[in-house]
Amino acid sequence: MPKSCREWGVDTPVKNARGKAVISPDGKVVMTKVHMSDGFFNGAPQGFYWPEGHENAGKFKGMVQILEERGFEAKKLKLKAQCNKEFKCVPGSTNFCCCCTLYNQPDFVHIDSLLETTCKEKGFKVLFLPKFHCKLNFIEQCWGYAK
């Protein structure tokens, strides 16, 4: 996420009615920017993009503005956007950088991933397993039995 106000979102291909990517006359895939879903703060929705009628309408507010709306003094504290290039903050810190502070907010912590959301819509359950050697993974035994 950017620290300040700007155009921001995820570029994804435009799909036609059949689910295929739309190709422009020059042979390139047509892309569109998908905005991040709004969050919730104290039970009320919090928009992450400026509303219509604002001078920056449609642009991402930026992490500093979102934190300010949540009662943090991000501008006054002059928080960095991130702790370092690897996004590795001091464990347990909450006001070390904008990313760490924002990502420790309850609505960011308890959100389903896109994979989980899509699977739930289709009626599937997602099971995340801890990382361990592939030979110890139960799915290997299932595949072996199926063969």
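Lys120 is exposed in this predicted model, with a relative accessible area of 54%. The side chain of Lys120 meets that of Asp112 in a salt bridge, with a distance of 2.7 Å from N to O. Asp112 has a relative accessibility of 35% and counts as partly exposed. This pair is one of three salt bridges in the structure.

A further salt bridge links Lys33 and Asp11, with 3.2 Å from N to O. Lys33 belongs to strand β2 (residues 31-34) and Asp11 to strand β1 (residues 10-13), so the bridge ties together parts that lie 22 residues apart in sequence. Both partners are partly exposed: the relative accessibility is 39% for Lys33 and 46% for Asp11.

Glu69 and Lys61 also form a salt bridge, in which the closest N and O atoms are 2.9 Å apart. Glu69 is partly exposed, at 31% relative accessible area. Lys61, at 10%, counts as buried, because the limit for a buried residue is under 20%.

The largest nonpolar core contains 16 residues, among which Phe48, Leu67, Cys98 and Leu102 touch the most other members. Two or more residues of this core come from each of the elements α1 (63-69) and α3 (98-103). When neighbours within four places in sequence are left aside, Cys98 is in contact with Lys3, Met63, Val64, Leu67, Leu79, Lys80 and Ala81. Leu67, one of these contacts of Cys98, is also among the core residues that touch the most other members.

Key
Residues are numbered from 1 along each chain as its sequence is written. This is a predicted model: local features need pLDDT of at least 70, side-chain atom pairs count only at pLDDT 80 or more; totals for chains, interfaces and linings use all residues. Side-chain values use heavy atoms; hydrogens and water are left out. A nonpolar core is a set of buried Ala, Val, Leu, Ile, Met, Phe, Trp, Tyr and Cys residues joined through side-chain atoms within 4.5 Å. Buried means under 20% relative accessible area, exposed over 50%, partly exposed in between (1.4 Å probe, protein chains only). Helices (H or I, at least four residues) and strands (E, at least two) are DSSP runs, numbered from the N terminus. Contact means heavy atoms within 4.5 Å. A salt bridge is a side-chain nitrogen of Lys or Arg within 4 Å of a carboxyl oxygen of Asp or Glu.
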